[in-house]
Amino acid sequence: MKKWFSMLVLGALAVVLAACGGDATGGSGDTVDADKGQAYTFKLGHEAADSHIKFKVAEKFAEELEKNSDGRMKVNIYPANQLGKEADMQQQVESGTLDFAILSNGTMSSISESINGWFMPYLFEDLEAAAKASNSEPAKQMMTDLEEKGMVGYGVFFAGQRHIIASKGLQSVADLKGLKIRIPGSPVFESYYKALGAGPASMPLPEVYTSLSTGVIDAVDTDLDAAVSQKFYEAAEVLTLTGHIVFPEVVIGSKNVIDGLSEEDRQIIADTWQSVIDWGVQEGIAKNDALLQELKDLGVTVNEISDLTAFKEVSKSVYEQYSSNDTIKAFIEANQ
């Protein structure tokens, strides 16, 4: 009996050793393969549903990183706030419990002041100009500033430009006087609309449709994606193309996690993100064109302002308010 039991134990041990032979598993689930080197499975979180550009960029990153690392690096994606709200995901990235996240500029600007530079009104003619600005030294400094918060900033792509959807068209600054308009939760947006004489109000996105339908608000500051997906056009049938502010999505990684990788692997990740962000910028531009046509097909009246001079003059007061930050000041000067 003892001999039989000893043979059974030895056999079981041999199976375990054989299973572990080439790989050693770390506490984070990473593995080491003797032939290929370190292998990882990263986590990436964002808030968007599958129709949004953020969702598509996340999928593209997972696909490209696995290819560029010869299969060593895989990415599990957690969309639609599965890991919590954006503020929660930011904290997870900072602590190192989440490897990567794609967060809105609204959330990120509340964490790092310089990123408010992207919200300066009428700084960009279109998304192509904004994309070009993302390679400027002040824009790169915004990403560097994130390191103080425990994050690696890889860059930005764009959900679109902001416009106004309401029950009437707008042509002048006077048309916005007293207008009750829903804005994203951002002090820059609030400063801009107050300077125009409007009544800005921040509220959760799920409340906007009802508030617009019942007259609690008169208008919504929106990108085209939200105008379609949230069906704002059912409650307000005129879209005024103001293009006053671009709305970046910020790609971040955990500094705790990235610093623990080899230089080669850090470079693979950085290069992959750069190529995917460039791809995302072009996808976002193409998508905005398609969304505008979709809104027209849905019966929305598209209104264009014939002269934006007065709006741009008002914007100068916002520039002055935020130029105490050296990076924002340099960003404004580089793009005026």
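Modeller: Let's start with pairing: two strands pair if DSSP finds at least two bridges between them. Strands here are DSSP runs (E, at least two residues), helices are H or I runs of at least four residues, and both are numbered from the N terminus. Bear in mind that this is a predicted model, where local features need pLDDT of at least 70, side-chain atom pairs count only at pLDDT 80 or more, and totals for chains, interfaces and linings use all residues. Residues are numbered from 1 along each chain as its sequence is written, and side-chain values use heavy atoms, with hydrogens and water left out.

Colleague: How do you know that β5 and β12 pair?
Modeller: Five bridges join β5 (residues 100-104) to β12, and the rule asks for at least two. The two strands run antiparallel.

Colleague: Why is β12 called mostly covered?
Modeller: Buried means under 20% relative accessible area (exposed is over 50%, partly exposed in between, with a 1.4 Å probe and protein chains only). In β12 (residues 246-254), nine of nine residues are buried. That holds for both faces: Val250 and Ile252 are among the buried residues on one side, Phe247 and Val251 among those on the other.

Colleague: What makes a set of residues a nonpolar core?
Modeller: The members are buried Ala, Val, Leu, Ile, Met, Phe, Trp, Tyr and Cys residues joined through side-chain atoms within 4.5 Å. The largest one here has 82 residues, and Phe42, Trp118, Tyr193, Ile269 and Trp273 touch the most other members. Helix α11 (residues 263-297) gives the most to this core, with seven residues. A second, separate core has 18 residues, including Val208 and Phe232.

Colleague: Which residues is Ile269 in contact with, leaving aside its neighbours within four places in sequence?
Modeller: Contact means heavy atoms within 4.5 Å. Among the partners of Ile269 are Phe42, Phe61, Tyr154 and Leu261.

Colleague: Why do β9 and β13 count as edges?
Modeller: Their open sheet has six strands in the order β9-β8-β10-β7-β11-β13, with mixed pairing. β9 (199-202) and β13 (301-304) each have a single partner strand, so one side of each has no neighbour in the sheet.

Colleague: How do you know that β7 and β10 pair?
Modeller: Four bridges join β7 (residues 163-166) to β10 (residues 219-222), antiparallel, and Ile165 has Val220 as its bridge partner in β10.
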